[in-house]
Amino acid sequence: MSTTLDFALPLLMVTAALAVAFVLWRLRVAFARRQARRRAAGYQLMDCLKAYTVWIDWHRDEPLMHAKPDVLTVPPPLEQAVRIKEEDFPELSPLMLKLLHTHRELMQYLWEQNILRMTHAATLAPHYADPRYHQLRDIQDAALDSLFLRCRQLIGDDETEWKRTRSDFSFSGDLNVPSRPSNSP
C-alpha cells in the first residue's frame, strides 16, 4: 500500500496543480476579455461624444427649423453615448448628467436665438461673436473633457497625449480620426 501511495500522491499533486493552473488561466482569459470589451466600449463612447461635438457645431449655425422645441430630444450620438455609459461605465453618471444639463442649456439658447431670428426682434450677431454662447460652450467643453479624461482613465488609456475638445473645430472637424490610438490593438 505504501508503494501505491508513493506513486498516487505525486500524481494527485500534479493533477491538482494542473487543475488550479487551468482555473487560473480561464480566469485570466475571462478577465482579459472583459477588459478588452470595456476598452472597446470606452473607445466607442468617446467616438459617440466626438460625433456629438460635430452635431453641436453643425447646430451652432443652422436654424432649428427641422424640429419643434417641445419635441426636441437628445441627439442620436449623445443618446448612444448615454446607452454605452449605462451598460459599461455607470461610474460616469455624474459627468454624463452634467453634459446632459449643459446640452439642455445650449439647446435652449439656440432656440431662443432661433425665435429672435424668426421674429426679427433684434439684429443678432453670429454665435461666434456672442459671449453667452462662448460661456455655454466653455461649460460644455469642460464637461466633455472631464468625460473623455475619466473614460480614458477607466480603460487604462491615459498615457497618450490628449487634445482638448475646444470649439475651434480642430477636435470635431475630423470624424475620420478615431478615438482609438493607432498603436492599440
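Modeller: We begin with a definition: helices (H or I, at least four residues) and strands (E, at least two) are DSSP runs, numbered from the N terminus. This is a predicted model, so local features need pLDDT of at least 70 and side-chain atom pairs count only at pLDDT 80 or more, while totals for chains, interfaces and linings use all residues. Residues are numbered from 1 along each chain as its sequence is written, and side-chain values use heavy atoms, with hydrogens and water left out.

Biologist: What pattern does the protein follow along the sequence?

Modeller: The pattern is α-α-α-α. The protein has four helices and zero strands.

Biologist: What makes Arg37 and Asp88 a salt bridge?

Modeller: A salt bridge needs a side-chain nitrogen of Lys or Arg within 4 Å of a carboxyl oxygen of Asp or Glu. The closest N and O atoms of Arg37 and Asp88 are 2.9 Å apart, so the pair meets the cut-off. Arg37 lies in helix α1 (residues 2-61) and Asp88 in helix α2 (residues 76-88), so the bridge ties together parts that are 51 residues apart in sequence.

Biologist: What joins the side chains of Arg38 and Glu91?

Modeller: A salt bridge joins them, at 2.5 Å from N to O. Arg38 is in helix α1 and Glu91 in the loop between α2 and α3 (93-119), so this pair ties together parts 53 residues apart in sequence. Arg38, at 24% relative accessibility, counts as partly exposed. Glu91, at 36%, is partly exposed too.

Biologist: How do you know that Lys85 and Glu86 form a salt bridge?

Modeller: Their closest N and O atoms are 2.2 Å apart, so the pair is within the limit. Lys85 counts as buried at 4% relative accessibility, whereas Glu86 counts as exposed at 51%. Elsewhere, salt bridges that share partners join Asp57, Arg137 and Asp141 into one network.

Biologist: How many salt bridges does a search of the whole structure find?

Modeller: The search finds eight salt bridges.

Biologist: What share of the protein is made up of buried residues?

Modeller: Buried residues make up 33% of the 185 residues.

Biologist: Where is the confidence lowest and highest among the helices α1 and α2?

Modeller: The score here is pLDDT, the predictor's confidence in each residue, from 0 to 100. Confidence is lowest in α1, at a mean of 83, and highest in α2, at 93. The protein averages a pLDDT of 78, and 73% of the residues score at least 70.

Biologist: Over which residues does pLDDT stay under 50?

Modeller: One such stretch is residues 167-178, for which the model has 23 contacts (heavy atoms within 4.5 Å) beyond four places in sequence. Over residues 180-185 the pLDDT is also below 50, and this stretch has seven contacts beyond near neighbours in sequence.

Conventions:
Buried means under 20% relative accessible area, exposed over 50%, partly exposed in between (1.4 Å probe, protein chains only).
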